[in-house]
Amino acid sequence: MKQETIVVVRPTELLMHVNRKENGEVQLESCEGKFLQIVLEALRIQYEIVVSKDMIFQEPLPDGNFTGMVGMVQRAEADLTTSYLPRQEIRSNAVEFSMPYKLEELTFITPKRGNIKSYLALLQVFDTTTWIGICIVLILMSILLAKFKGSVWYNLFKLLGTVVGQSSNIGNGSCKILLIAWFLFTLLISLSYSVTLLSHIIQPTKVAPIRTFHELSRAVKSGDHKLYAMETHIPFFFLILEKRI
């Protein structure tokens, strides 16, 4: 007598439904069920449908085994299974995968974020790198001017005054090139800041939205967001994080 192929399934609403008739015939329904039925009929094999014991997809255990349908195939309690099982290295070490038969795009939605607070907008006119560059130039210029006149702190405060548009008597005639370069620099920075700040006032800047799954993961870990997902999509989150998308 030819041995039957044990096929393990997990009944899931809208995806997999097992209908056992009075004569013992098993009819698979819903999208995943009908797909599996077609595959089994095309293979022309004798098979027996069994339901997963613990009714979960799969979870790795500390000893390297799995629960759920993957665990049953791994322990030779079943010969094959089909479902939303993204291929991961940890599962590939336990069972063999066929070629994927379906590609599914996964996205998420988050609450619409508001505007940046007004006092933060004053600092976010420039990015962090630009602010650091301005501070470095300011300190270096103060050190250079201190060789001609005054102390570093004296020149630092004088240069800060020129940045905000205050006239200051800094340096002397022997450092004209430095002063010309500095005034051109402050003119460029002042105009850039004024124009950018005006655009922020006309159109307030929005808080940057969460765009990737890693940003979502950090937001959930920080407690800013809570994640709600269908059980069938949970394996995809682990796959996406594993591939660092």
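Me: How many helices and strands does the protein chain have?

Reply: The protein chain has 9 helices and 5 strands. This is a predicted model. From the N terminus on, the order is β-β-β-α-β-α-β-α-α-α-α-α-α-α.

Me: What share of the residues is buried?

Reply: Of the 245 residues, 31% are buried. The chain exposes about 16900 Å², and carbon and sulfur atoms supply 61% of that area.

Me: Why is Q37 called buried?

Reply: Its relative accessibility is 9%. Buried means under 20%. So Q37 counts as buried. Q37 sits in helix 1, residues 30-43. Leaving aside neighbours within four places in sequence, Q37 is in contact with V26, Q27, L28 and Y47.

Me: What makes S142 buried?

Reply: The relative accessible area of S142 is 0%. The cut-off is under 20%, so S142 is buried. Its place is in helix 5, residues 128-146. With neighbours within four places in sequence left aside, the contacts of S142 are V152, N155, L156 and L159.

Me: How do you know that strand 2 and strand 3 pair?

Reply: Pairing needs at least two bridges. Strand 2 (residues 17-20) and strand 3 (residues 26-29) have 4 bridges, in the antiparallel sense. One of the links runs from R20 to its bridge partner V26, in strand 3.

Me: What do strand 2 and strand 3 form, and which residue in the turn has a positive phi?

Reply: The two strands form a hairpin with 5 residues between them. In the turn, G24 has a positive phi of about 90 degrees. Another glycine with a positive phi is G223, near 90 degrees, and G223 follows helix 8.

Me: Which residues of helix 8 are buried?

Reply: Helix 8 covers residues 213-222, and F213, H214, L216, S217 and A219 are buried there.

Me: What is the strand order of the open sheet?

Reply: The open sheet has 3 strands in the order 4-1-5, with parallel pairing. What makes strand 4 (47-51) and strand 5 (80-81) edge strands is that each pairs on one side only.

Me: How do you know that strand 1 and strand 4 pair?

Reply: The requirement is at least two bridges. Strand 1 (residues 5-9) and strand 4 are joined by 5 bridges and run parallel. In strand 4, V50 is the bridge partner of V8.

Me: Which residues make up the largest nonpolar core?

Reply: This core has 9 residues in all: V7, V9, M16, V18, V26, L28, L36, L40 and I49. A nonpolar core takes buried residues joined through side-chain atoms within 4.5 Å. Strand 1, strand 3 and helix 1 each give two or more residues to this core. Apart from it lies another core, of 8 residues, among them M141, L156, L159 and L179.

Me: What is L40 in contact with, leaving aside its neighbours within four places in sequence?

Reply: L40 is in contact with V7, I45, Y47 and I49. Contact here means heavy atoms within 4.5 Å.

Me: How many aromatic pairs does a search of the whole structure find?

Reply: The search finds 3 aromatic pairs. In one of them, the ring centres of W182 and F185 are 5.4 Å apart.

Me: Why is the pair of W182 and F185 called tilted?

Reply: The ring planes of W182 and F185 stand at 35 degrees. Planes under 30 degrees apart count as stacked, and over 60 as edge-to-face.

Me: Are W182 and F185 buried or partly exposed?

Reply: W182 has 1% relative accessibility and counts as buried. F185 has 22% and counts as partly exposed. The cut-off for buried is under 20%.

Me: How many disulfides does a search of the whole structure find?

Reply: The search finds 0 disulfides. A disulfide needs a pair of cysteine sulfur atoms within 2.5 Å.

Me: What makes C31 and C135 partly exposed?

Reply: C31 has 45% relative accessibility, and C135 has 42%. Buried is under 20% and exposed is over 50%. Both values lie in between, so both cysteines count as partly exposed.

Definitions and conventions: Residues numbered from 1 in each chain as written. Predicted model: local features only at pLDDT ≥ 70, side-chain atom pairs only at ≥ 80, totals over all residues. Heavy atoms only, no water. Buried < 20%, exposed > 50% of the residue type's maximum accessible area, 1.4 Å probe, protein only. Areas by Shrake-Rupley, 256 points an atom, 1.4 Å probe, with all protein chains shown as cover. Phe/Tyr/Trp six-rings, centres within 6.5 Å; stacked < 30°, edge-to-face > 60°.
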